[in-house]
Amino acid sequence: MRILILCHSFNSLTQRLHVALREAGHAVVVEFDVNDSVTHEAVALFRPDLVLAPFLKRAIPEDVWRSARSLVVHPGVRGDRGPAALDWAILEREPVWGVTLIEARGEMDAGPVWAWREFPMRQATKASLYRREVADAALACVFEALARLAAGEKQAPTPANVGRGRLRPACGEAQRRIDPAHCAVEEALAIARAADGAPGALLTLFGGDWRVYDLKPADGLAGPPGEAFARAESAVAVGLVDGPIWIGQAKRPGAHEIKLPAALAMAAYLDDLPFVAGPSPLHVREEDGVATLSFDFYNGAFSTADCEALSAAVDRALARRPRVLVLTGGPDCWSNGLHLGIIEAAASPADESWRNINAMNDLVERIARAEEVWTVSALRGNAGAGGVFLSLAADEVWMGENVILNPHYKDMGNLYGSEYWTYLLPKRVGPERARLIAAARLPMGIEEALRLGLAGERLPGILAGADAAIRERAAARAADTEGLARRLEAKRAARAADEAQKPLAAYREEELKRMKRNFYGFDPSYHVARYNFIRKIPKSRTPLTLAVHRSSGRRITDALPSPRSRGEG
């Protein structure tokens with residue numbers, strides 16, 4: 001089937017659908033919803049059998065949904081309508097929520113229903129629920145609808161406005177605001193979870209309003225309601241009526257303000273606050289000869305300090321001489337590489353970019369040179385850019401079946417990239433496949449990653465199942481002493497041969513020479529792209545890697561790369 005994905009941006013759900021639909025053999029292109037004329041042009045160029053809208057902020061033009069069947073993914077139960085479905089579900093502590101696949105009509109969310117799914121709610125942020133439960137349910141709905149269409153069904157099986165949902169407005173400031181003088185910890189956490197990602201919860205501190213994110217209970221501390229009374233390395237503690245919370249991320253209200261670790265965003269107000277131990281993104285568990293090092297940096301962004309802290313944690317873990325070292329990122333994000341927010345906020349973004357990429361390279365090199373232990377990257381969450389190549393520094397990569405990889409840099413202003421990718425990627429998949437992966441600039445799912453060799457084993461998509469599989473497999477590696485000894489001997493021999501042929505230092509020098517041009521050269525593309533990304537400025541056009549229907553001088557069918565084409569040869 002020819003499917004046009006129409007979306008506001010290429011977010012995590014859109015990428016999951018893009019990967020799954022292409023993997024299933026459909027011809028899929030993407031068009032960003034810039035304006036009606038662009039949408040009309042895309043429909044005329046591609047002539048889709050189906051328009052699929054997984055993430056829109058406005059209605060599909062009437063002449064589009066009348067000429068091509070158009071299905072909209074709505075993150076709410078049947079009958080739910082409005083732009084803040086998941087936000088309200090979190091705020092109102094719904095025990096069960098869902099996703100509905102609605103045929104577009106003139107009124108938003110009011111068309112007949114082609115498929116629906118429901119799921120139990122977790123106490124989690126909106127972004128986490130969206131990446132996991134909502135995305136899983138959306139995929140199930142889309143493929144059910146495709147099966148119905150393939151079977152010749154002409155009408156949706158469920159009429160409009162059937163179900164327990166209702167029309168609700170957008171969440172206003174009243175629903176986003178945390179009042180420390182009257183708000184309990186659990187209520188504050190619900191407000192913050194519902195506002196996570198965007199727009200953030202509102203809190204008055206230091207005489208002004210802040211958007212706050214990544215809130216956690218500050219167990220063991222006490223402070224007056226409405227006041228910041230302590231700080232940690234990156235977080236700030238604030239008192240509420242029944243106890244304190246940690247604020248992990250913050251920014252001033254305003255479209256162009258930058259979300260940063262709270263202790264950095266509020267630094268001008270913290271001089272008199274005591275420094276205490278705060279929540280740590282780093283945890284180590286040792287069992288049966290296996291050291292499992294987990295790191296859950298916010299949104300998978302690694303600052304210079306984060307890279308240095310993780311490198312030190314790797315050193316401490318290795319000093320205890322485990323037989324196997326497992327590296328697990330967070331449940332939603334493994335790593336997305338450099339911390340573009342801290343870079344953007346720096347006095348010299350170019351200098352901070354340079355410090356950050358060198359710290360990232362030091363981390364990658366430490367793992368790549370860990371010859372005394374068998375290393376595993378266990379990806380339970382998505383990875384992008386340098387985070388993908390960080391995972392390849394380990395001896396094995398185990399990847400969750402719902403994880404999405406973006407193993408490329410160039411969409412960030414033609415950034416060349418480092419993290420030893422010019423060594424690690426060809427070594428893992430071969431030079432020709434490495435070239436194709438870098439050129440494609442497309443998201444990749446588990447099937448393609450396994451075919452190409454970027455991943456070696458599949459992990460269950462359900463988090464508890466993934467964690468159990470990681471423990472079981474790592475323990476088996478460690479228990480197989482003879483097999484492990486052979487693996488380590490072969491690993492040391494391969495590393496020595498590679499070093500003799502071309503030292504790691506040479507790859508780093510070559511990559512950083514190119515990166516220096518990105519950071520300090522005459523072409524400002526990287527700095528412009530980073531500025532727009534951090535401030536969520538919508539793109540004015542769709543990249544041609546996604547909008548393949550706009551490939552000049554080529555037939556549409558010739559211009560549609562299949563995931564399998566990168567895995568052949």
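Close-up 1. The predicted model holds 3 cavities of 30 Å³ or more. The largest cavity has a volume of about 170 Å³. Its lining comprises 17 residues, and Arg-131, Arg-132, Arg-380, Asn-382 and Asn-402 are the closest to the cavity centre. Helices α1 (12-23) and α5 (126-150) each contribute at least two lining residues. The top contributor is α5, with 3 residues. By class, the lining of the largest cavity splits into 5 nonpolar, 6 polar and 6 charged residues.

**Close-up 2. The second largest cavity.** The volume here is about 60 Å³. The lining of the second largest cavity is made of 14 residues. Nearest its centre lie Gly-79, Asp-80, Ile-102, Asp-109 and Val-113. This lining counts 6 nonpolar, 5 polar and 3 charged residues.

Close-up 3. Helix α18 covers residues 504-520. The buried residues of α18 are Leu-504, Tyr-507, Arg-508, Glu-511, Leu-512, Met-515, Asn-518 and Phe-519. They pack against α11 (349-368), α13 (421-429), α17 (481-501) and α19 (525-534).

**Close-up 4. The surroundings of Ile-537.** Ile-537 sits in the segment after α19. Its relative accessible area is 31%, so Ile-537 is partly exposed. Leaving aside residues up to four places away in sequence, Ile-537 touches His-256, Tyr-531 and Asn-532. His-256 and Ile-537 are 281 residues apart in sequence, yet their C-alpha atoms are 9.1 Å apart in space.

Definitions and conventions. Residues numbered from 1 in each chain as written. Predicted model: local features only at pLDDT ≥ 70, side-chain atom pairs only at ≥ 80, totals over all residues. Heavy atoms only, no water. Helix = DSSP H or I, 4+ residues; strand = E, 2+ residues; numbered from the N terminus. Expected span 1.5 Å × (residues − 1). Buried < 20%, exposed > 50% of the residue type's maximum accessible area, 1.4 Å probe, protein only. Contact = heavy atoms within 4.5 Å. 1 Å grid on protein atoms, 1.4 Å probe; cavity = no way out; pocket = protein on both sides within 12 Å on 5 of 7 lines; lining within 4 Å. Points joined across faces, edges and corners; volume = space filled by probe spheres on them. Nonpolar A, V, L, I, M, F, W, Y, C, P; charged D, E, K, R; others polar.
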